[in-house]
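Please keep the sequence and the coordinates in view while reading.

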Amino acid sequence: MEILPRNNRSHEMRLLHTMLRVGNLQRSIDFYTQVLGMNLLRTSENPEYKYSLAFVGYGGGNPEQAEIELTYNWGTENYELGTAYGHIALGVPDAYAACEKIKAAGGNVTREAGPVKGGTTVIAFVTDPDGYKIELIQDKSKASGDGRPATADALRAS
């Protein structure tokens, strides 16, 4: 089912943010800013309804890029992630180098950088402090000229 004609979609709708419920707001802010290099864009407190929000993202966030809304419901320290949620994906110039930086900053790399099964796109996965998965997808321009993923050494040399 088409909601809008293809040529008008980009003007009518756009992705603003994804909301993640977190068990410790400061721990999550630290992960997204210090480990993944995002900026803390804004925060708000709502004492009447007992929740706090923090918005993180790259650059200045909206409207140039979508943001992640970290929601802390006061007194809730963990959530069941369920089986429906998949992951957030971030584009990176070099997935191998990104994994090394993330590990050096104390992050948890759960799948080292390498080609996706059955393909050539280089991906990796990291997990945030609440267990949410984040896929790192390497920019395709970093692949070698023959279409195979570039090696970590080749990427560092470029």
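The structure is a predicted model, in which local features need pLDDT of at least 70, side-chain atom pairs count only at pLDDT 80 or more, and totals for chains, interfaces and linings use all residues. Residues are numbered from 1 along each chain as its sequence is written, and side-chain values use heavy atoms, with hydrogens and water left out.

**Overall architecture**

- The chain contains four helices and eight strands; helices (H or I, at least four residues) and strands (E, at least two) are DSSP runs, numbered from the N terminus.
- Along the sequence, the pattern is α-β-α-β-β-β-β-α-β-β-β-α.
- Of the 158 residues in the chain, 35% are buried, where buried means under 20% relative accessible area, exposed over 50%, and partly exposed in between (1.4 Å probe, protein chains only).
- Among contacts (heavy atoms within 4.5 Å) with a separation of 6 or more, 50% are between residues 24 or more positions apart.

**Aromatic pairs**

- Rings of Phe, Tyr and Trp (its six-membered ring) pair if their centres lie within 6.5 Å; planes under 30 degrees apart count as stacked, over 60 as edge-to-face and the rest as tilted.
- By this rule there are two aromatic pairs.
- Phenylalanine 31 and tyrosine 32 form an edge-to-face pair, with 5.0 Å centre to centre and 90° between the planes.
- Phenylalanine 31 is buried at 6% relative accessibility, and tyrosine 32 is buried at 1%.
- Tyrosine 85 and tyrosine 132 also form an edge-to-face pair, with 5.4 Å centre to centre and 80° between the planes.
- This pair links distant parts of the chain, 47 residues apart: tyrosine 85 is in the loop between β4 (67–73) and β5 (88–92), and tyrosine 132 is in the loop between β7 and β8 (133–138).
- Tyrosine 85 counts as partly exposed because its relative accessibility is 31%, whereas tyrosine 132 is buried at 8%.

**Charge over a ring**

- Arginine 42 lies over the face of phenylalanine 55, at 4.0 Å from the ring centre; the criterion requires NZ of Lys or CZ of Arg within 6 Å of the ring centre and within 35 degrees of the ring normal.

**Largest pocket**

- The largest pocket has a volume of about 260 Å³.
- A pocket is an open set of points on a 1 Å grid over the protein atoms alone, where a 1.4 Å probe fits, with protein on both sides within 12 Å along at least five of seven lines; lining residues have an atom within 4 Å of a point.
- Grid points are joined across faces, edges and corners, and the volume is the space filled by probe spheres set on the points.
- The lining comprises 14 residues, of which Leu36, Tyr58, Val92, Pro93 and Ala98 are the closest to the pocket centre.
- β5 and α3 (95–104) each supply at least two lining residues, and α3 gives the most, with four.

**Selected loop residues**

- Threonine 121 is in the loop between β6 (108–115) and β7 (122–127).
- The side chain of threonine 121 makes a polar contact with that of lysine 140 at 2.3 Å; a polar contact is a pair of N or O atoms within 3.5 Å, and within protein one must be able to donate a hydrogen and the other to accept it, with residues adjacent in sequence counting only if both atoms are side-chain atoms.
- Leaving aside residues up to four places away in sequence, threonine 121 touches Gly114, Pro115, Val116, Ile137 and Lys140.
- Asparagine 62 and proline 63 are joined by a cis peptide bond with omega of about 5°, and proline 63 is in the loop between β3 (51–57) and β4.
- Lysine 50, in the loop between β2 (39–46) and β3, has a positive phi of about 60° although it is not a glycine.
- Lysine 50 is exposed, at 53% relative accessible area.
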